[in-house]
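Please look over the sequence and the 3D model shown here before reading the notes below them.

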Amino acid sequence: MDPTLEKMVDPTLAEMGKNLNEAMKMLEDSQREAEEEREKKRYARKDIPGPLQGSGQNMTAILQLVQNLMHGEDEEELQTHRLQNVGEQGHISLLGHSLAAYISVLDKERLRKLTTRILSDTTLWLCRLFRYENGSAYYHEDDREGLLKVCKLIIHSNYDDYATEGFNVLHNKSPVLYISAACRTGLGQYICNQLGLPISCMCSVPCNTMFGSQHQMDVALLERLIKDDIECGKLPLLLVANAGTPGAGHTDKLARLKELCSQYKMWLHVEGVNLATLTLGYVSSSVLAATKCDSMTLTLGPWLGLPAVPAVTLYRHEDPSLSLAAGLTTSQPVEKLRALPLWLSLQYLGHDGIVDRIKYASQLSQRLLENLRKLSSIRTSVEDEFNSPVVVFRFIQEHLESALDGAQYQTAAVQESTKDSNERETDDALNRWLGEQLGQLVPTSGVDVVELEDEGVCIRFSPLMTAAVLNTTPEHVDQLAECLKAKIPILIGTLQLRDEFKQEVYQTAGLTYIEDLSWPGLGTVRYEITNEEPYPEKQQLAMENISSGLLKKLKELDSDVIFSAGPEFGGEKNCIYIGMVTDNLDVPELVETIATTGKEIEESSKLLENMTEVVRKGIIEAEQQLQKANEAKLREEGVLRQIPLVGSVLNWLSPVHSSVKGRSFSLAGGSLEPTDKLYAQKAQIPEGTPPPTPTTSHAKRKSPGQKLFRKSSRASASDTVSETSVGHTEGTEESQTIAETTSLEGENEIHKSTESSAQLNGDLELPAPVQPEGKSDEHSFNIPEVHQTSEPAEAEDPEKEDLR
């Protein structure tokens, strides 16, 4: 804190500000050494708290404990989960909570004057900022609490005896509260539960289906609902409208709704993120109509990036006694201190600072919208193309339909109903994957996934709710657009190859295609075992073992394809789920590899089972033969030779050549075999390199460095490289043989062999063969073609990271 400021303010306030700065510095410090990380682990609290220390702990130890509880004990968590840097304006807001505790101990008269000043100043500033004339304010922690208090005020205003009779006065004329179907989920149930009203008192108003935005309330239908309720003897009280729906950010026709509420003497309450634009110089007419409503709820914390500030409900009502009865006002000075953090923050930011933050968030939305217009595969759902604080978009596959010819289009039209439902579920899965990927790649953008009733799963960018907290910049928006542009070819490639993969699986024996539209990938396949077991439990166990082994083998392959066991919940069992792919995937090779690998695993498991039984029988037979051999030996040598000391003396005096031959136990056959044959086979086998491991035909055609399941972009070029490599190998072997046989005849003969080898490989234009050791490198081989094929593969390694 500034030393001059410490002289001007109360020493207690100066000390409070100093302690707060030190505490926030300790909690936000992320540059600690490894020794400090290990040291603070000893303060970590376990699940079961220990006893309180008798002498207490100092402030440093307590703050250290708080930091450990916020970040966790693992070093990985310390690196990935850090406290959000709230900035200096955030410190002002946090200081307000400390000041509220300090001010609450003042004497009653001074406390009353101070709280009245804080409350009146904050209310006046907010009403001017949001163009709400002659309004009062209620400050609350839960952003739904303001609407709840407003409902109590309306009930007190329309039922005179409610304060004394309670729910009995509601029996004769039941109240009705109307809420838009686009409002946040559970709002109506929360209001009814808190007021003790039945759910029948809540009426959900559908949105437009024919004309206007599909996210706006249907005004004509609302009027019919109101008339029907009045005819049934009910009393319409309240209408909750949106200035920015939670999902798509659209605004209801507030001017028409206000006229309807005035006609039927109803209260109009408005909430939504678009209310923040009331502070700007230019406001759309649809949002500007919110200034005429009876009440509105503002969430300034996320809009301005202020932590721990209350939400505000502005309202107009002339009877202060009813406001006091409803809880909108209070006579307790301590409760009025809720506005203190907001009072400090508004003064710190100033009018221009508040307007600039909201204007900056709107500009981020327009920047993303301009980038999305350039992408043909992305459809946006915004209310105003030129001034929309919320941008909602999704990936569509309509461009694939234009590639169909006439016959295919007619066939698709016959199955239109099924196709629409399947495409909707497939698009939802792909957009959910896309939203999760964008959120992971650009976390500072604040994008999230929402599910709308008409559009389905969409991706939402609402900088008014996230930009101030996440410090989103225009560079982050551009990065988001680039990541989206990079993911579109993966989505298109996966969609185009899905049908081909499905047909290949159907045509391959041993594989079953599993239809799972909710999986965002190429598809799902299951390997079916050929021999069914008589017992279902054994059959299921065999399927699980083969599926797990197959998945493990596929993951070990050097490819860009991602294999998994599927989602954690709701997925099919014993299946192989294939993730997102690109358009250069060799689908037949992929399917063949899955089938071949599964068959190999099944045969090896059967061989192991059969071997167990064979070995068991072989061991019994071996034991019997060994017993017969021992009996034969006893008959030949006699009993005396079996005695250790006597037998040694007899064998020395009169040696005996035993007729018992050696035996070896074969695990493959499960039988005993004479060792003579085994020794003869080993003597005939020359020492050398082991035979190469057999591979599939597709794997053999891959050039060095090229990953599996990837189509060759230049087939002719790859064939030329393959033939050249074979020619190099043969030419090298022949030239080396000639050089070795003529090395004793002198250097002149070596040059002759060089010319002959060059003539043999003249069509390949190879240089002369390798000279013997000690000669110059003038005529040495230099084969760059062998290493050229590995460079593209190394350059495409990040492709697998994009597919994840």
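Predicted model: local features only at pLDDT ≥ 70, side-chain atom pairs only at ≥ 80, totals over all residues.

Residues are numbered from 1 along each chain as its sequence is written, and side-chain values use heavy atoms, with hydrogens and water left out.

**Helix H8**

- Helices (H or I, at least four residues) and strands (E, at least two) are DSSP runs, numbered from the N terminus.
- Helix H8 covers residues 145-158, and at 1.5 Å a residue its 14 residues should span 20 Å, which agrees with the 20 Å between its end C-alpha atoms; the expected span is 1.5 Å times one less than the number of residues.
- Eleven of the 14 residues of H8 are buried, so the helix is largely enclosed by the rest of the structure. Buried means under 20% relative accessible area, exposed over 50%, and partly exposed in between (1.4 Å probe, protein chains only).
- Among the buried residues of H8 are Glu145, Gly146, Leu147 and His156.

- Threonine 524 lies in strand S13 (residues 523-527) and, at 1% relative accessibility, counts as buried.
- Leaving aside neighbours within four places in sequence, the contacts of threonine 524 include Phe501, Trp519 and Tyr577; contact means heavy atoms within 4.5 Å.
- Aspartate 586 sits in the loop between strand S15 (576-578) and helix H25 (587-637), and its 19% relative accessibility makes it buried.
- Not counting residues up to four places away in sequence, aspartate 586 touches Phe709, Arg710 and Lys711.

**Salt bridges**

- Side chains of opposite charge can pair when their charged atoms come close.
- The whole structure has 16 salt bridges, each a side-chain nitrogen of Lys or Arg within 4 Å of a carboxyl oxygen of Asp or Glu.
- Arginine 112 and glutamate 109 form a salt bridge at 2.6 Å, N to O. They are three residues apart in helix H7 (residues 108-129), so about one helical turn separates them.
- Lysine 227 pairs with glutamate 223 at 4.0 Å, N to O. In this pair lysine 227 is partly exposed at 41%, whereas glutamate 223 is buried at 18%.
- Lysine 502 and glutamate 515 form a salt bridge at 3.4 Å, N to O. Lysine 502 is in helix H23 (residues 474-506) and glutamate 515 in the loop between strand S12 (511-514) and S13, so the pair ties together parts that are 13 residues apart in sequence.
- Salt bridges with shared partners join Glu223, Lys227, Arg256 and Glu259 into one network.
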